[in-house]
Structures are given as C-alpha cells and as structure tokens.
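Let's take a friendly walk through a protein model, from its contacts between chains to some details inside them. Have a look at the sequence and the structure first.

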Amino acid sequence: MTAPSLLYLDNAATSWPKPPGVAAAMVRFMEEIGANPGRSGHRLSIEAGRMVESARESVCSLFNAPDPLRVVFGANVTEALNLALYGLLQPGDHVITTSMEHNSMMRPLRHLEREGVELTVLPCAPDGSLDPALVEPAIRRNTVLIAMIHASNVAGTLLPMAEVGRIARQHGLLMLVDTAATAGAVPIDMPASNIDLMAFTGHKALFGPTGTGGLVIGERVDPKRLQPLKRGGTGSRSEYEEQPEFLPDRFESGTLNAVGLAGLNAGIGWILERGVTAIQAELREKTQALIDGLMGIPGVQVHGTRDARRQTACVSFNMDGLSPSEAGFRLDEEFAIQVRIGLHCAPAAHRTLGTFPGGSVRFAPGLFTSMAEIERAITAVRSMAQ
Amino acid sequence: MTANELSVLIFYTSNHAFRAEKLLKQAELACKLVPVPRHLGSECGVCLRLETATVESALALLKTGRVEIDRVEAYG
C-alpha cells in the first residue's frame with residue numbers, strides 16, 4: 001500500500017502551500033537583487049527599495065488604506081500589536097478588549113494592566129460571538145482604545161468589527177484590530193470599518209512567508225502619539241542620534257525582511273487578482289462542508305457558530321473518549337493529516353468556548369484544500385470515532 | 001536657462017523618495033532616483049532628479065499624494 005499524501009489542515013498556523021510565484025519572487029530577490037532596500041544609493045538598493053514601496057501599495061490596495069507611507073512593516077502581527085499597545089497606552093488609560101483574543105493581544109494587555117492600565121474584557125457568547133451592545137456600557141471617561149480580534153483563531157468566529165468601529169468612532173476612541181485570521185480571507189475596508197490601527201501578519205491568508213507582517217496606521221493616529229518599540233538606524237536623518245518622527249521610519253529601525261517582503265508582495269498580488277470576495281466564497285463552501293460532515297459523526301462536538309457565513313475556515317472540535325492530543329497524533333500518524341491541537345495560544349477563547357483546559361482539535365483548510373481532501377478529513381474522524 | 005537644467009528633490013527618507021518616484025511616474029513625469037550628492041548633505045539613500053522646468057508640477061503632485069519633501073536643490 002502506498003503512503004497517503006500529506007493533508008495539511010493547519011493553515012491557521014501558517015498557510016501552505018503558497019500560490020505560484022511567491023517562492024519564485026523570493027528566489028529572484030535573493031539571486032538578482034539582494035540589496036538592503038533604499039539605504040545605499042546604488043541600483044540594487046534602489047530596485048530593492050522599489051519592491052518594498054510596491055509591497056506597501058499592495059497592502060493599501062487590499063485594505064483600502066489611502067497612504068502607503070503609513071504601512072509599517074515588522075516581523076509579524078504579534079510585533080504589530082505590541083507596537084500599538086505599548087506604543088499607545090499609558091498608566092491610567094482604560095482599554096476594552098474581548099474574551100476571544102489570542103495571547104498576542106492578551107499577554108501585552110495583562111502586563112500593561114499590572115503596570116497601571118485599566119482593562120475591561122467583554123464576555124463573548126459560548127459560540128465566540130460578541131454582542132456589540134456590550135461595548136458602550138463599558139466605556140469610561142479614561143477609555144482610549146478598543147482592541148479586538150477580527151476572527152478567532154480557535155473557532156473562527158467573526159466579531160462585529162465594523163459595528164464596534166462605529167461605536168469607537170462615535171465616542172472618540174481609537175480602534176485596534178488583529179486581522180491575523182482574516183486579512184486576505186475576509187474583505188476588510190479599513191476606513192469604512194473605522195479601524196485606526198490595523199495589525200496584520202504576512203504568513204497566513206496573505207500567502208507571504210513567515211517573518212512578515214505589520215501595522216497600518218490610520219489617518220486619525222498622530223504618529224508622535226505612538227512610542228516606537230525599537231529605535232535604531234533608519235537610513236534617514238543619519239546625522240542625528242534621535243529617532244525620526246516621520247512615517248514609516250519612526251517604526252522601522254534596522255533592515256527589513258526584504259526577501260520576505262518580496263514574497264509577501266507576490267502573495268498579495270495573487271490575492272488582488274483573484275479578489276478577496278471570491279476567495280471568501282470558496283473558503284465558505286469548504287468550511288460548511290467540513291462543519292456539516294463533522295456534525296454528522298456521533299460523539300463529535302463542533303465548537304463555535306457552525307455557520308460558515310459567521311466564521312473563517314477554522315473548525316475546532318472535540319471527540320468523546322479521545323483527548324485532542326491523542327486525536328491529533330492519530331490524525332498525523334494514521335491518516336497523514338496535519339492539524340493543531342490544544343489551546344492555540346488563546347486560553348481566553350477556549351475559556352469562552354468551554355474547552356479549557358483540554359483545548360480542541362483544529363481543522364484549518366485553506367484555499368488550496370480540495371473538496372476531496374475535506375471528505376478525506378471527515379472520513380478520518382469518522383473512523384476514529386468508531 | 002537650458003532645457004536640460006536639472007534639479008533634485010531631497011526627501012527626509014528614501015522611503016518617501018520611492019513613493020514620490022511612483023507618483024511622478026504614474027503621472028508620466030520623467031525623474032530618476034540618484035544618490036544624494038555629497039555636497040547636498042549626509043543623507044543616506046536617494047533623491048529624485050528631474051528637469052528644473054518640471055519641478056513645480058512635481059511638487060503639486062507630491063502635495064496631492066501627501067509626500068513631504070525636505071527641499072529642492074540644483075543638481076550639479
């Protein structure tokens with residue numbers, strides 16, 4: 001019997017494979033351009049700098065953000081969230097967040113709480129959803145920010161970002177959104193949703209490599225109000241030993257992951273050609289098939305909304321008599337299916353969903369997962385449930 | 001004043017220069033990224049060289065595009 005081909009269902013951790021052209025763009029950069037973007041005056045540095053500018057524009061096109069110079073690149077969404085939270089919040093400030101956040105939001109917030117920032121965690125429903133009516137009563141005189149995840153990395157539940165953004169805007173608050181699970185998979189219009197600080201990662205549904213991501217700083221945010229996370233060389237105002245105040249340099253010290261950005265630019269370009277709406281429709285179809293198939297298996301509990309229109313392509317479940325780690329191990333060993341099990345760096349979400357501390361098994365199909373593979377995953381779970 | 005008289009737009013950062021090049025090229029205004037001439041400053045990176053006759057149009061485009069410039073200098 002031939003070994004079954006790998007079935008990668010961990011796209012929520014990182015997307016794989018990437019679309020055609022992404023790896024090629026990175027190899028081309030390494031082999032033909034290679035230089036440090038912009039800092040040296042020569043043609044290779046200029047070519048690299050043009051590529052980075054193009055990547056900023058690609059990000060803007062995807063999110064309808066008006067100004068590429070307000071796209072700050074960094075290592076990932078965790079760094080972007082750290083920049084936004086540590087950059088903005090002072091002791092005595094109040095911030096509102098939700099009970100479905102990933103630790104990239106919660107750990108900085110809990111640390112800032114110990115340093116004197118007041119924190120309100122809005123309780124989401126057991127399916128992960130947030131009632132926007134909870135937001136207004138939580139606002140205090142010293143509230144400065146609403147910080148929320150767009151969709152859960154555990155159960156995929158979409159949170160009402162635009163509605164919360166409207167409330168934030170009405171009350172003169174800034175809104176920070178973690179788009180790790182949604183950028184590239186769900187249409188996002190930054191100005192229309194009143195997002196002031198948009199944190200994104202490059203290596204999930206944006207189809208770039210690991211080591212890319214950033215923060216888009218909206219028009220309402222005065223860059224001087226955000227303290228940089230890092231200071232250092234920016235290739236500008238080099239006669240001074242003070243960090244420049246203009247964007248993007250204020251928040252981009254050191255050499256960017258240029259080869260990574262070549263890949264990210266190619267990934268976003270591929271998405272823009274196809275359209276996020278079309279991508280979302282295709283993912284919804286696969287997600288609903290997966291949810292329906294799993295729900296048809298006795299002894300399997302699917303968490304979250306179980307409605308592909310209300311979530312991303314991220315399906316968490318548990319099985320009677322089988323712990324998530326046992327199930328995950330068997331899926332890989334016996335069925336060649338790769339998943340992530342446990343708490344997914346989101347203990348708050350699992351508490352909300354009722355799956356703490358055991359966690360769950362997470363199936364995260366991607367755009368390149370076929371319907372036949374969805375069927376194969378369901379069949380594997382069915383045979384384990386017997 | 002000859003038709004080929006050149007000027008450079010000097011920016012606070014090369015990031016702004018790349019953005020500016022994109023905007024001017026989209027408007028079909030000829031320009032070239034060149035190293036900042038030594039006598040014009042110790043800036044790292046690049047500035048944008050263009051015909052002096054087109055500087056005013058370029059500045060208008062950059063103002064609309066919200067790209068800050070440091071100053072304009074004669075080139076050479």
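Helices (H or I, at least four residues) and strands (E, at least two) are DSSP runs, numbered from the N terminus. This is a predicted model, in which local features need pLDDT of at least 70 and side-chain atom pairs count only at pLDDT 80 or more, while totals for chains, interfaces and linings use all residues. Residues are numbered from 1 along each chain as its sequence is written, chains are lettered from A and ligands numbered from 1 in the order in which they are written, and side-chain values use heavy atoms, with hydrogens and water left out.

A:Pro357 belongs to the loop between α10 (347-353) and β13 (360-363) of chain A.

Next, look at phi. For A:His344 this angle is near 50 degrees, a positive value in a residue other than glycine. A:His344 is found in the loop between β12 (340-342) and α10 of chain A. Is A:His344 buried or exposed? Buried means under 20% relative accessible area, exposed means over 50%, and partly exposed is in between (1.4 Å probe, protein chains only). A:His344 counts as buried because its relative accessibility is 1%.

B:Glu28 has a positive phi too, near 60 degrees, and is a residue other than glycine. Its place is the loop between α1 (14-26) and β2 (32-35) of chain B. B:Glu28 counts as exposed, because its relative accessibility is 75%.

**Where the two chains meet**

Contact means heavy atoms within 4.5 Å. In these terms, 26 residues of chain A are in contact with 20 residues of chain B. The size of an interface is often given as the accessible area lost when the parts come together. Between chain A and chain B, the buried area (the accessible area, 1.4 Å probe, that two parts lose on being put together, summed over both) is about 1,800 Å², and carbon and sulfur atoms give 50% of it.

Side chains of opposite charge can pair when their charged atoms come close. A salt bridge is a side-chain nitrogen of Lys or Arg within 4 Å of a carboxyl oxygen of Asp or Glu. There are 5 salt bridges between chain A and chain B. In one of them, A:Glu53 pairs with B:Arg19, and the closest N and O atoms are 2.9 Å apart. Elsewhere, a network of salt bridges links A:Glu47, A:Arg50, B:Glu21 and B:Lys25.

How many salt bridges does the structure hold over all chains? The count is 24.

| Pair | N to O distance |
|---|---|
| A:Arg362 and A:Asp10 | 3.2 Å |
| A:Arg56 and A:Glu252 | 2.8 Å |
| A:Glu334 and A:Arg330 | 2.8 Å |

A:Arg362 is buried, with a relative accessible area of 1%, and A:Asp10 is buried at 13%.

The salt bridge between A:Arg56 and A:Glu252 joins helix α2 (residues 43-63) to the loop between β8 (213-217) and α7 (258-274), so the pair ties together parts that are 196 residues apart in sequence. A:Arg56 is buried at 1% relative accessible area, and A:Glu252 is buried at 5%.

A:Glu334 and A:Arg330, in turn, both lie in helix α9 (residues 324-335), 4 residues apart, about one turn of the helix. A:Glu334 counts as partly exposed at 46% relative accessibility, and A:Arg330 counts as partly exposed at 26%.

**A charge without a partner**

Finally, find A:Asp178 in strand β6 (residues 174-178) of chain A. For charges, Lys and Arg count as positive and Asp and Glu as negative, while His and the chain ends are not counted. A:Asp178 is buried yet has no salt bridge, and the nearest side chain of opposite charge, A:Lys204, is 8.3 Å away. A polar atom of the A:Asp178 side chain does lie 2.9 Å from the backbone nitrogen of A:Ala180. Leaving out residues up to four places away in sequence, A:Asp178 touches several residues, among them A:Val77, A:His102, A:Ser104 and A:His150.

Terms used. A polar contact is a pair of N or O atoms within 3.5 Å; within protein, one must be able to donate a hydrogen and the other to accept it, and residues adjacent in sequence count only if both atoms are side-chain atoms.
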